[in-house]
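Biologist: I would like to learn how to read strands and helices in a model. Could we take a few features in turn?

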Amino acid sequence: MADAMAGRMAFLTTPRAERARRDAHERLGDWREVYRPGPPLPLVSGQAERCMDCGLPFCHAACPLGNLVPEWNRLTADGDWRAAAARLLATNNFPEFTGRLCPAPCESACVLAIDGAAVAIKNVELAIADRAWAEGWDRPQRPERPEPGGRVAVIGSGPAGLAAAQQLTRAGHATTVFERADRPGGLLRYGIPPFRLEKHRLDRRLDQLRAEGTEFRTGVWVGRDVTGEQLRAGYDAVVVAVGAAAHREPGVPGRGLAGVHPAMEYLTWANRVDEGDRASSPLSAAGLRVVIVGGGDTAADCLGTALRQGAASVTQLDINPCPPERRGAGQPWPVHPKVYRETTSHEESGASPAGESVGMGAGGAAVADGCGRVFEAVTVGFEPGPDGRLAAVRFAAAEPVGRGPRAGTERVLPAQLALLALGFTGPEPGQPLFDQLGLGLGPTGVLERDDGFGTAVDGVFVAGDAGRGQSLIVWAIAEGRAAAAAVDRHLRGRTELPAPVRASAQALGL
């Protein structure tokens, strides 16, 4: 009993520790994942013991999947990894993805985070997921229902589409996933660099879906190669999960210069090289001075990619002020706060001579953090060289209100490659599929739907970023699961599938 009580009180005695990452200099020499190989099971078990098993666990509410965090923490701490995996897989189709890619709003809502270090939930999740694969616990699940289901088409193979497809197939529906790219996976395949998600993990999960009965049709652009009318005629229900690929533009002079590219175009080519499509990318940072416009995860992915490609220098311009080290008065627990975070790419930038800092000097408010990142910097324009290609990026300190350029602070930064990582607004407008299915874009640029993921067209549903706008991978998976439940109910009149969120659900906030 004493040992059990000691474990229950570990949050008072055991400091937070995270899974060890490989040395930043070593990581820059390859494209493998940043973590040291091998699951750190003793470390993770000790960290899981820090969970307080709260009577009202806010980590549930912060995670749209409703992950049973205290339950699998306790099972992991007790050494029952198989039961912990069962708890994790009960709410999350792809924990090996979220354990690597999710920013972990559950940790921000951990009770320990009120005035200390949260439980390392994300690390525990990743260790459980990886062990489940290693031990063969995460097996294909063939449908067990005796009654036949319907025929369902899922358009898009990102996390929302894959989650919807897996849930529907396991419920007994004949599910086909249409993907316009040559391989399935969406942004998991071509948007996320391999140092954050090695693609063999994605391929392994896709093989599982195929073994369960999900069919994939790649290289098919729905709306052009197959019309919406044909889908409606051949399937009982359609789930539109095409993501949010419409990127924001800076709207400044010189945008059309050669050498100025959307971040996702750049990342896609880099991932194609990693997939073996070609020996080198036609859009590479090798030997170039690079400027990344934007401050989010996509910008960090561009940074890590450019460093590995051998850029001569990389500077990141973030229009926002440098966030505080700890949550401020306007971001109380349990909301996911905007605090200073250094990604693995920023660690690598600090270890590379290419990650140079650029300060604004005495006349400007923007500051650099030592990793080639400049805050409060607004892009003013792109300048051409004698050959007509990009030669420099003009930027200035951003005004506190309105984020316009502050007079007298403008600077010129030499650059041969500028990557625009300003976020995404919704699905690409003008797709013929939308007219063919009778779908409309709302005022925010996303596809219109009701709170149950249905559209004005009977049997057509919308899931993921296409209906929510740019969001997190956990929201995409949660929406895919919930949309699958809506389709199952539509086809059978009832459903036993879980629906973790409504279409109108929002993250914890004020």
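Modeller: We will go through a sheet, a strand inside another set of pairings, and a helix contact. Keep in mind that this model is predicted.

Biologist: Let us begin with the sheet. In what order do the 5 strands of the open sheet stand?

Modeller: Strands of a sheet pair through backbone hydrogen bonds, either parallel or antiparallel. Here the order is β3-β2-β1-β4-β15, with parallel pairing.

Biologist: Which strands stand at the edges?

Modeller: β3 (215–218) and β15 (460–462) do. Each has a single partner strand, so one side of each lacks a neighbour in the sheet. From one strand to the next, the twist averages 20 degrees.

Biologist: How many bridges join β1 to β2?

Modeller: There are 5 bridges between β1 (residues 151–155) and β2 (residues 174–179), and the two strands run parallel. As a point to find on screen, V154 is opposite V177 in β2.

Biologist: Which residues lie on each side of β8?

Modeller: In a regular strand the side chains alternate between the two faces of the sheet. In β8, S313, T315 and L317 are on one side, while V314, Q316 and D318 are on the other. Both sets are buried, and both faces of the strand are covered.

Biologist: What does β8 pair with over 5 bridges?

Modeller: That partner is β7 (residues 289–293), in the parallel sense. V290 has V314 in β8 as its bridge partner. β8 is also joined by 3 bridges to β9 (residues 373–375), again running parallel.

Biologist: Which helix makes a β-α-β unit with β7 and β8?

Modeller: Helix α16 (residues 297–309) does, and the unit is right-handed.

Biologist: Last, the helix contact. At roughly what angle do α11 and α20 cross?

Modeller: The axes of α11 (residues 159–170) and α20 (residues 473–492) cross at roughly 35 degrees and come within 7 Å. The crossing is right-handed. Residues in the contact include A160, A163 and L168 of α11, and I477, G480 and V487 of α20.

Biologist: How do the residues of that contact of α11 with α20 divide?

Modeller: They comprise 10 nonpolar, 2 polar and 2 charged residues. Among the contact residues are also Q167 of α11 and R481 and D488 of α20.

Conventions. Residues numbered from 1 in each chain as written. Predicted model: local features only at pLDDT ≥ 70, side-chain atom pairs only at ≥ 80, totals over all residues. Heavy atoms only, no water. Pairing = 2+ DSSP bridges. Helix = DSSP H or I, 4+ residues; strand = E, 2+ residues; numbered from the N terminus. Axes fitted to C-alpha atoms, helices over the stretch in contact; angles between N-to-C directions. Buried < 20%, exposed > 50% of the residue type's maximum accessible area, 1.4 Å probe, protein only. Right-handed = clockwise from strand over helix to strand, strands pointing away. Left-handed = near helix turned anticlockwise from the far one by under 90°. Contact = heavy atoms within 4.5 Å. Nonpolar A, V, L, I, M, F, W, Y, C, P; charged D, E, K, R; others polar.
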